[in-house]
Amino acid sequence: MTAPYKTISTRLDGNVLFATFDAPPINLIGPEVVRDLVGLLAELSQPTAARVVVFDSADPDFFFPHVDLTRVPEYTAEAAKAGGPGDASLGMLFRKLSEIPAVTIAKLRGRARGAGSEFLLACDIRFASRENAVLGQPEVGIGTPPGAGGVQHLARLLGRGRALEAVLASADFDAELAERYGWINRAVPDAELDEFVAGLAARMANFPRDGLIAAKAAVNSVSLPTPAVVRADAALFQQLVRGEAAQQRTAELFKRGFQTRGSTELDLGAALGDLPAVD
C-alpha cells in the first residue's frame, strides 16, 4: 500500500496487509479515521490488492470506543465520499468494507463499542483477546438505536433474543460472553492472539484469490443486510442522536469524562446504567 494515512499504519507481508488504527487520544471514529478508511477501502478494491487484511488497534485499551459525537456531520460527509450523498453514513461505508474483494479479519484488544462494534461486525471474521476485549452497543442507553449496521448484523448472528439483549441493555460484553453469543468467532488467550491471527491470515492468503472472493461473495449474498435497511437505520440514528433525550444523556456523560481516557470510557456500560432516567 502506498497511500499515506494519518490514522492507519499499514504493513504488507506477502498477500496479507496489516492495518493498525492509531487515532489518539482514544481512537474515536471521527472525520480523520473515516477519511483514511475511505481511502484504504478504495485501495483494497483494486484487483492487485492484498488478499487478506488484518485490522487492529495501536491502543491496547481502545480499538474504537464509538464515534466522536461532537463531529457527526463531519465524519458523515467523509463517509459520503465512498458512495455519494445517498450513502452518507457509516453504515453504508461499513457495508462497502463487507463487500471488498479481500478477506477482512478484525483482531480485537480493548473496547469496541457502538460504531466500533459495527466496524468489527462488518469485517468477515472477528477474533478477540480473552482477557482484554470488550464489546458493546451503547446507543439505546444514549437515546438512539445503532445506526451503522449493528442491529442487522447482531440479529443475524445472535438471534432475536440475544440481539435485543445486546442492543437494549447497552451493556458491556467480555470476550467469552461475546464468543458464546456469536458476536465474535473466537476468544483467544491474549498471549496467543497475534500468532493465531497471523497464521490464519497467511494460510488464507496462500489460497487462490478467485476462490476466496467467490466464496465470500456467496456468503454475503445470504447474510448481508440490504442497502435499503442500512440506509434506514442510519437515517433513524442521525435523527434521534440530535433529539432532546440523546442530547441530555450525552451532556451528562460529557460532564463525567465522556470521550476522554478515564473511568467513564473504560466502563461505559456501567456509566450508562448510572445516568438519571429521561422520559
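Start with the lining of the largest pocket: eleven of its residues are nonpolar, four polar and four charged. Here Ala, Val, Leu, Ile, Met, Phe, Trp, Tyr, Cys and Pro count as nonpolar, Asp, Glu, Lys and Arg as charged, and the others, Gly among them, as polar. This is a predicted model, in which local features need pLDDT of at least 70 and side-chain atom pairs count only at pLDDT 80 or more, while totals for chains, interfaces and linings use all residues. Residues are numbered from 1 along each chain as its sequence is written, and side-chain values use heavy atoms, with hydrogens and water left out.

**Stop 1: the largest pocket**

The largest pocket holds about 420 Å³ of space. To find its centre, select C123, D124, V219, N220 and S223, the closest of the 19 residues that line it. Two or more lining residues come from each of α4, β6 (125-136), α6 (150-158) and α10. The largest contribution is that of α10, with six residues.

Some terms are needed here. On a 1 Å grid over the protein atoms alone, a pocket is an open set of points with protein on both sides within 12 Å along at least five of seven lines; a cavity is a set of points where a 1.4 Å probe fits but cannot get out; and lining residues have an atom within 4 Å of a point. Grid points are joined across faces, edges and corners, and a volume is the space filled by probe spheres set on the points. Helices (H or I, at least four residues) and strands (E, at least two) are DSSP runs, numbered from the N terminus.

**Stop 2: helix α10**

Select residues 209-223, which form helix α10. Its 15 residues, at 1.5 Å a residue, should span 21 Å, and this agrees with the 21 Å between its end C-alpha atoms. The expected span is 1.5 Å times one less than the number of residues.

Which residues of α10 are buried? They are R209, L212, K216 and N220. These lie on the same side of α10, because they cover an arc of only 70° around the axis. The arc is that of the directions from the helix axis to the C-beta atoms. An α-helix has 3.6 residues a turn, so residues three or four places apart point the same way. Buried means under 20% relative accessible area, exposed over 50%, and partly exposed in between (1.4 Å probe, protein chains only).

Now turn to the face away from the buried side of α10, where the exposed residues D210, S221 and V222 sit. The cover over the buried residues of α10 includes α3, β5 (103-113) and α9 (190-205), where contact means heavy atoms within 4.5 Å.

**Stop 3: P189**

Next select P189, in the loop between β8 (186-188) and α9. Its relative accessibility is 23%, so P189 counts as partly exposed. Not counting residues up to four places away in sequence, P189 touches R130 and E131.

**Stop 4**

Eight of the ten residues of α3 are buried, so α3 is largely enclosed by the rest of the structure. The buried ones are L90, G91, M92, L93, F94, R95, L97 and S98.

Now show the second largest cavity, with about 60 Å³ of space. Its lining includes G91, F94, R95 and S98, along with E118, A122 and H153. With four residues, α3 gives the most to this lining. The lining of the second largest cavity divides into six nonpolar, four polar and two charged residues.

**Stop 5: the largest cavity**

How many cavities of 30 Å³ or more does the structure hold? There are three. The largest has about 210 Å³ of space. Select V67, Y75, A115, E139 and F237, which lie nearest its centre among the 22 lining residues. Elements giving two or more residues to this lining are α2 (72-80), α3 (90-99), α4 (115-122), α5 (139-142) and α11 (227-240). Twelve residues of the lining of the largest cavity are nonpolar, eight polar and two charged.

**Stop 6**

Select T76 in helix α2. T76 is buried, because its relative accessible area is 13%. Leaving aside neighbours within four places in sequence, T76 is in contact with A88, S89 and Q238.

End at T144, in the loop between α5 and α6. Is T144 buried or exposed? T144 counts as buried, at 3% relative accessibility. Not counting residues up to four places away in sequence, T144 touches E139, L236, F237, L240 and V241.
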